[in-house]
Amino acid sequence: MTVKAKDLREKDVAGLEAEVKSLQKAHFGLRMQKATQQLNNTATLRSTRRDIARAKTILAQKRAATEGGSTDAAKSTKE
């Protein structure tokens, strides 16, 4: 079950933080299942990892938008 970017963009910052936390817990559970030879579908590890990255990316975008777009990445330019 993958998380759609459209659904994530509808959430606020607190909702995204909760989503990231729940995805990280799910990923930890899957890693433990894999370690104990109980995980049948190892592709779920990859999709969960990508869902976490997707949620973190959108969270960073929302935080940057609320701060007025002043992020460290935008400030670091070659002189």
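**Salt bridges**

I began with the salt bridges in this predicted model. I counted 3 salt bridges. I then went through each pair and looked up how open its partners are.

Lys11 is partly exposed, at a relative accessible area of 29%. Glu19 is buried, at 18%. The cut-off for buried is under 20% relative accessible area, so Glu19 falls within it.

I went on to Arg63 and Glu17. They form a salt bridge, and the closest N and O atoms are 2.2 Å apart. Arg63 sits in helix α3 (residues 43-66) and Glu17 in helix α2, so this pair ties together parts that are 46 residues apart in sequence. Arg63 is partly exposed at 36% relative accessibility. For Glu17 I noted a relative accessible area of 36%, which is also partly exposed.

I then checked Asp51 and Arg54. Their side chains meet in a salt bridge at 2.6 Å, N to O. Both residues lie in helix α3, 3 residues apart, or about one turn of the helix. I noted the general point behind this spacing: an α-helix has 3.6 residues a turn, so residues three or four places apart point the same way. Asp51 is buried, at 2% relative accessibility. Arg54 is partly exposed, with a relative accessible area of 30%.

I also noted why such pairs form at all: side chains of opposite charge can pair when their charged atoms come close.

**Glu19**

I went back to Glu19 for its surroundings. Which helix holds Glu19? I found Glu19 in helix α2, which covers residues 13-35. I set aside neighbours within four places in sequence and listed the contacts. Glu19 is in contact with Val3, Leu8 and Lys11. The C-alpha atoms of Glu19 and Leu59 are separated by 10.0 Å, and the two residues are 40 apart along the chain.

**Thr48**

I looked at Thr48 next. Is Thr48 buried or exposed? I found Thr48 buried, with a relative accessible area of 9%. Thr48 is in helix α3. I followed the side chain of Thr48 and found that it reaches the backbone oxygen of Thr44 at 2.6 Å. I then left out residues up to four places away in sequence. Thr48 touches Leu23, His27 and Leu30.

**Helix α3**

I finished with α3 as a whole. How many residues does α3 have? I counted 24 residues. From first C-alpha to last, α3 reaches 35 Å, close to the 34 Å expected at 1.5 Å a residue.

I listed the buried residues of α3: Leu45, Thr48, Asp51, Ile52, Ala55, Ile58, Leu59 and Ala64.

α3 is followed by Gly68, whose phi is positive, near 85°.

Definitions and conventions. Residues are numbered from 1 along each chain as its sequence is written. This is a predicted model: local features need pLDDT of at least 70, side-chain atom pairs count only at pLDDT 80 or more; totals for chains, interfaces and linings use all residues. Side-chain values use heavy atoms; hydrogens and water are left out. Helices (H or I, at least four residues) and strands (E, at least two) are DSSP runs, numbered from the N terminus. Buried means under 20% relative accessible area, exposed over 50%, partly exposed in between (1.4 Å probe, protein chains only). Contact means heavy atoms within 4.5 Å. A salt bridge is a side-chain nitrogen of Lys or Arg within 4 Å of a carboxyl oxygen of Asp or Glu. A polar contact is a pair of N or O atoms within 3.5 Å; within protein, one must be able to donate a hydrogen and the other to accept it, and residues adjacent in sequence count only if both atoms are side-chain atoms. The expected span of a helix is 1.5 Å times one less than its number of residues.
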